[in-house]
Structure formats: C-alpha cells, structure tokens
Amino acid sequence: MTQSILLKQLQAISITPESFRPYGQVISASNDGKLFDAEDAQLNLHNGIPRFYIMRLHRRGRKFHKITRHQQCTQCLGSLEGKDWLIAVAPPNREIDRPNLEEIAAFRIPGDCFIKLEVGTWHAGPYFDGDFVDFYNLELSDTNVVDHFTHNFLSSDRIEFEIV
C-alpha cells in the first residue's frame, strides 16, 4: 500500500533584515564610499576558490521536497533585472543532519537586494513565476561537488512543500 504525500504550504513573507537574520543577511544598496560595516555581507569563502557567476534558472514551480545546505562557505544570491523571487530556508544547525520541519520559512525577495546565506543554512530555491530568471551566485568553485548536503523530505517524511 502506498502512503499518501502530505503537501505543506509555506506562506512567503516579505524579507527584512530582522526576519531573515536567523538564516543570513539581506544586503541592499549603500552609498558609494561607505566604509565596511556589519550591514555589508559578512562572507566566509576561505575554504576554497570563490566562484561568482550568473546562473540561469528556468521555471520549476513553487513545490519542493529537497532542501540543501553548504557547510564550508556562505552563499550570496540575487536576481538580475530587478525580478522578485522566492526561497525557503531553515536555520543552520551543525548538530543534526536535517532541518526541523517547524523552522522552515519562505521569503519573497525583491529584485533590488540580495541575500547572504550563513554557513549551514538550509535552502530550497530560488523559485519564481516567470519562464526564467538569471541570478548572480557567489559561493566556492567546488561547492556543488564537495559541499552539497541535501535532505529529501519525500523519502523521510512523505512531505512536499509549496511556497504560496
């Protein structure tokens, strides 16, 4: 007998620096000449060669059952052309190998800022409604090869998420 799959909806909230703090930082425009401070992205890229590139993603809907984390570096993501997008996240916790279901949150991110994910922050996305969106991505050159830990909620809990 096949078990049914539970669809859990996550309400996307508008991102603010305060609401996103457990997962990372929200970085917005600052005046030229401003000195480096705590509002700037606090990067951890010392475990390898940084890779800064443009990643083209095609529409994937808003459902997911896998969530990933990187434990060797921070990651920065932002959309090009001012397009809004969505992401689901859970706070980093090096003591466990899966995120807590109750701590998964979804955010709507405007196209005029970017996010920096803390080392170990679980994330699913980016998601968006258009046909495709180009994102800039800052991580390590081998992040997706040697530092890509994924938890599959479909396999472990028969759960799929949908960002609404």
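**Thr 143**

I looked up Thr 143 and found it in helix 2, residues 143-146. Helices here are DSSP runs of H or I with at least four residues, strands are runs of E with at least two, and both are numbered from the N terminus. The model is predicted, so I took local features only at pLDDT of at least 70 and side-chain atom pairs only at pLDDT 80 or more, while totals for chains, interfaces and linings use all residues. Residues are numbered from 1 along each chain as its sequence is written, and side-chain values use heavy atoms, with hydrogens and water left out.

Is Thr 143 buried or exposed? Thr 143 is buried, at a relative accessible area of 0%. I use buried for under 20% relative accessible area, exposed for over 50%, and partly exposed for in between (1.4 Å probe, protein chains only). A polar atom of the Thr 143 side chain lies 2.9 Å from the backbone nitrogen of Leu 140. I then listed contacts, meaning heavy atoms within 4.5 Å. Leaving aside neighbours within four places in sequence, Thr 143 touches His 70, Cys 73 and His 148.

**Ile 67**

I moved to Ile 67, in strand 6 (residues 66-69). Ile 67 is buried, with a relative accessible area of 0%. Beyond neighbours within four places in sequence, its contacts include Pro 99, Trp 122, Phe 149 and Phe 153. I also checked Ile 15: its C-alpha atom is 19 Å from that of Ile 67, and the two are 52 residues apart along the chain.

**Sheet 1-14-5**

I traced an open sheet of three strands, order 1-14-5, with mixed pairing. Strand 1 (6-10) and strand 5 (63-64) are at the edges with a single partner strand each, so one side of each has no neighbour in the sheet. Two strands pair if DSSP finds at least two bridges between them. Strand 5 and strand 14 (residues 159-163) run antiparallel and are joined by two bridges. Phe 64 stands opposite Phe 161 in strand 14.

**Aromatic rings**

I paired rings of Phe, Tyr and Trp (six-membered ring) with centres within 6.5 Å; planes under 30 degrees apart are stacked, over 60 edge-to-face, the rest tilted. How many aromatic pairs are there? The count comes to 10. Tyr 23 and Phe 107 are edge-to-face, at 5.6 Å centre to centre and 65° between the planes. This pair links distant parts of the chain, 84 residues apart, with Phe 107 in strand 9 (residues 105-109). Phe 153 and Phe 161 are also edge-to-face, at 5.2 Å and 75°. Phe 153 is buried at 0% relative accessibility, and Phe 161 is buried at 0%. Phe 64, Tyr 127, Phe 153 and Phe 161 form one aromatic cluster.

**Charges**

I counted nine salt bridges. The rule is a side-chain nitrogen of Lys or Arg within 4 Å of a carboxyl oxygen of Asp or Glu. Arg 56 bridges to Asp 134, with closest N and O atoms 2.7 Å apart. Arg 56 lies in strand 4 (residues 50-58) and Asp 134 in strand 12 (residues 132-140), so the pair ties together parts 78 residues apart in sequence. Arg 56 is partly exposed at 49%, whereas Asp 134 is buried at 12% relative accessibility. Lys 34, Asp 37 and Asp 40 are linked in a network of salt bridges.

Lys 83 meets Glu 81 in a salt bridge of 3.5 Å, N to O. The charged end of Lys 83 also sits over the ring of Phe 132, 5.2 Å from its centre. For that I required NZ of Lys or CZ of Arg within 6 Å of the ring centre and within 35 degrees of the ring normal.

How values were computed
Polar contact = N/O pair within 3.5 Å; in protein donor to acceptor, adjacent residues only side chain to side chain.
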